[in-house]
Amino acid sequence: MEHQLNIENIETLYNSIQLYLDSDSYRIYRFMPFLTDFGFGHTDPNEIYEITAVIGLLPLLLSAVIEDDQEKIKYISNNISSNLVKALIWDSRAEQLTTGAYIRLFLVLIFIIMLAAFIIIFLNKELNRSLRREEEGSVYSRAVLIAQEEERSRLSRELHDTIAQDLRYLSLEVNKIGKIKEHTEREKLCEDTASLQSDLIRKVRDICNYLVPPDFRFQGLPNALQSFCLDFSKRTRINCRIDITGEIDQGFLNEEKQLQIFRIVQEALTNVEKHAQAAEAIVMLRCDENKTLSVGISDDGRGFNMPDKKSTSHKSASHKNASHLGIRGMNERAALLGGNLEIKSEIGEGTLVKLQIPHPPQNKKSGGSQ
């Protein structure tokens with residue numbers, strides 16, 4: 001009875017192991033490629049795995065039991081036990097490796113998710129920045145168009161109220177000359193007509209000088225500013241002086257940069273004429289020991305409350321704050337020069353506009369001279 005029971009147990013074990021070897025789980029689990037890459041499992045496809053060796057030894061054990069060969073039974077049983085232990089050890093290592101692989105895959109997945117989130121945030125910021133720049137550019141373009149239209153309107157009013165009216169009056173005076181017979185009165189009328197004609201020529205020249213920039217190929221920035229200050233004093237009756245201290249190093253200023261500086265001074269003095277109600281204005285030009293070019297425009301006018309940054313931003317540029325567009329234009333020109341523009345003003349204390357342009361560093365050539 002005991003002998004028959006052992007045979008049945010061996011047959012049951014054989015069938016169980018055979019079913020396990022034939023299962024899909026065994027084929028997937030035992031033949032995963034990464035297991036051999038890490039030193040687990042067998043690299044030789046013809047090598048018999050421990051669990052496979054057990055299934056091969058079970059028929060021999062069954063035969064030994066039937067023959068009642070105790071030595072053979074003991075030997076085969078020891079081999080089966082050794083292979084089962086090896087299979088358990090291999091299963092434990094494979095399980096550890098599989099768990100580690102899952103952890104690594106999980107960490108890689110988390111890294112990919114974080115990287116994707118970072119990329120999405122970065123792209124979102126860049127998109128918002130691009131939209132903001134586009135919006136600011138659009139608003140500033142509208143502000144520039146508004147300023148252009150206002151400048152055209154100003155020129156139109158100036159031409160109509162001065163040039164056109166004076167030409168009409170001059171035409172009437174010229175028509176009178178032929179009708180007057182008295183010699184003395186006719187001479188006086190001719191002198192008045194000639195004086196009015198000279199005034200008209202001066203006014204037209206002033207308008208042209210304001211619109212057309214100086215030719216910096218034939219005159220430097222100091223001479224251009226001196227001429228402009230002189231013409232400004234004659235035209236506006238505001239005492240405009242220029243103070244040039246020391247030698248002005250303008251070798252690093254090309255024609256475009258000199259024009260930008262000239263336009264900043266021109267805009268500042270235009271604001272003095274329109275808004276300051278000043279009696280005197282001073283333009284200062286100097287270079288310090290670091291060759292930093294400093295340009296200052298001050299007046300003794302009524303001053304104003306300095307606008308905050310928002311009031312001079314792109315979004316706030318409109319008809320209501322168009323007076324601040326000139327300040328923004330000067331800041332834009334200073335940025336193109338790589339300089340710094342500072343404006344100080346208080347009610348009743350006048351205004352100071354200070355522009356500083358650092359001298360660009362010179363490239364030192366290595367090596368001695370021969």
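In which sense do β4 and strand β5 pair, and over how many bridges? They pair in the antiparallel sense, over 6 bridges. This is a predicted model, and the briefing below walks through its open sheet of 5 strands, the helices α7 and α8 that pack on the sheet, and a threonine in α7.

**The sheet**
- Reading across the open sheet, the strand order is β1-β2-β3-β5-β4, and the pairing is mixed.
- β1 (239-245) and β4 (340-345) are the edge strands; each has a single partner strand, so one side of each has no neighbour in the sheet.
- On average, neighbouring strands are turned by 10° against each other, direction ignored.
- In the pairing of β4 with β5 (residues 351-357), serine 345 has threonine 351 of β5 as its bridge partner.

**Helices on the sheet**
- Helix α7 (residues 221-236) packs on the sheet and touches β1 and β2 (280-287).
- The direction of α7 makes about 165° with that of β1.
- Helix α8 (residues 255-276) also packs on the sheet, with contacts to β1, β2, β3 (293-299), β4 and β5.
- The direction of α8 makes about 10° with that of β3.

**A closer look at threonine 236**
- Threonine 236 lies in helix α7.
- Its relative accessibility is 16%, so threonine 236 counts as buried, the cut-off being under 20%.
- A polar atom of the threonine 236 side chain lies 2.6 Å from the backbone oxygen of phenylalanine 232.

Methods
Residues are numbered from 1 along each chain as its sequence is written. This is a predicted model: local features need pLDDT of at least 70, side-chain atom pairs count only at pLDDT 80 or more; totals for chains, interfaces and linings use all residues. Side-chain values use heavy atoms; hydrogens and water are left out. Two strands pair if DSSP finds at least two bridges between them. Helices (H or I, at least four residues) and strands (E, at least two) are DSSP runs, numbered from the N terminus. Axes are lines fitted to C-alpha atoms, for helices over the stretch in contact, and angles run from 0 to 180 degrees between N-to-C directions. Contact means heavy atoms within 4.5 Å. Buried means under 20% relative accessible area, exposed over 50%, partly exposed in between (1.4 Å probe, protein chains only). A polar contact is a pair of N or O atoms within 3.5 Å; within protein, one must be able to donate a hydrogen and the other to accept it, and residues adjacent in sequence count only if both atoms are side-chain atoms.
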